[in-house]
Amino acid sequence: MEHLQVAKQDAVLSWTRRLAAYRTPIPPRSRFELVITALPFSFLFALSWWSLAISPWLSVSLSMVNAGFIIRLFVIQHDCGHGAFFLSRIWNTWCGRIIGVLTLTPYAVWKQNHALHHATTGNLDHRGTGDIPTLTIAEYRAKPLVARVGYRLLRHPLVLFGVLAAFNFLVWNRVPPNPLNARHGEWKSALGNDAAIVALLGSLYLLGGVPVLVFVYLPMMVLAAIAGTWLFYVQHQFEETSWDQDADWTVQNAAFHGSSYYVLPLVLTWVTANIGAHHIHHLASRIPFYRLPEVLRDYGELNEVGRITIRQSLGCAKLALWDEAGRRLVSFSEARKLPA
């Protein structure tokens, strides 16, 4: 068994070495991707604003389409945080900061916590940073009734992808994740982001009043928050994902076996900036999003690792507990049938 584990680890490390060849950003391509995302976003925002004179529902419809460009901007910000979008650290930082005002995400705070997510994903002893709250079956059964009810409520799709998704981006991102223990740099990043957002919203209000905020701005932000939360969920919360105790956990195995390849139609793949190839991203986070298709093209076998289609992903919403014996995520109903 130990030999199999070592062989498995060696195979994953081999992938890490091979993927290093794709880590270098291509500056003209990065600039191009930024332009073809920012310009349509700006155009749709202006069109949604203009359409208020025709119908607020037309404005809302256009705003919701624009949520796709918010998601794509977030992935660009995400790549900046990994130092993967531009060659220059300064360009990555300022691009990430500016986009962070549009995505309601303070760049430095998010960058730090997302790095912890990469360093601890799938580790049962280090849950809590950048994760969807996940309990093992044994932990859930050991909780008092009130805590079990609270966990079931937390994992309910309407709460997780609706209430909490919007709350996370609109409210919780306004302060560092651990406000009482946050460092000066975290507060500086969060409050600087807040100040820029207030200035942006204030300008929209002065120029267009409440209707612009309600019908043009808010729908795209709420929908982007919901869709973004769903994407993050599916990328790690699928049946055959990987969770281990610290003694058996390695970052490479967790990356390779604990991250999915979410296969989407071409339009959605473009909108989500290839983030569905999450297993590759976790193996080599410095690969720019626009180079991920190169990896899938050159290494066809990676197209079958952790592969999830849209239809299959719908079933992931009911998964809630980690079965340590069966090494899979299960639903509450499935967990009830398993022996104590």
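**Close-up views of cysteines and aromatic rings**

**View 1. Cysteine 80 and cysteine 95.** In this predicted model, a search of the whole structure turns up 0 disulfides. The cysteine sulfur closest to that of cysteine 80 belongs to cysteine 95, and at 3.8 Å it is too far for a bond, since a disulfide requires two cysteine sulfur atoms within 2.5 Å. Cysteine 80 is buried, with a relative accessibility of 1%, and cysteine 316 also counts as buried, at 5%.

**View 2. The pair of phenylalanine 69 and tryptophan 270.** The search of the whole structure finds 18 aromatic pairs. In one of them, the ring centres of phenylalanine 69 and tryptophan 270 lie 5.9 Å apart with their planes at 75 degrees, so the pair is edge-to-face. This pair links distant parts of the chain, 201 residues apart, with phenylalanine 69 in helix α3 and tryptophan 270 in helix α12. Phenylalanine 69 is buried at 15% relative accessible area, whereas tryptophan 270, at 34%, is partly exposed.

**View 3. The pair of phenylalanine 85 and tyrosine 290.** These two rings are also edge-to-face, 6.5 Å from centre to centre and with 70 degrees between the planes. Because phenylalanine 85 lies in the loop between α3 and α4 and tyrosine 290 in the loop between α13 and α14, the pair ties together parts that are 205 residues apart in sequence. Phenylalanine 85 is buried, with a relative accessible area of 0%, and tyrosine 290 counts as buried at 4%. Both belong to one aromatic cluster, together with Phe86, Trp91 and Phe289.

**View 4. Arginines over tryptophan rings.** Arginine 18 lies over the face of tryptophan 15, 3.8 Å from the ring centre, while the charged end of arginine 97 sits over the ring of tryptophan 94, at 4.7 Å from its centre.

Notes: Residues numbered from 1 in each chain as written. Predicted model: local features only at pLDDT ≥ 70, side-chain atom pairs only at ≥ 80, totals over all residues. Heavy atoms only, no water. Buried < 20%, exposed > 50% of the residue type's maximum accessible area, 1.4 Å probe, protein only. Phe/Tyr/Trp six-rings, centres within 6.5 Å; stacked < 30°, edge-to-face > 60°. Helix = DSSP H or I, 4+ residues; strand = E, 2+ residues; numbered from the N terminus. Lys NZ or Arg CZ within 6 Å of the ring centre and 35° of its normal.
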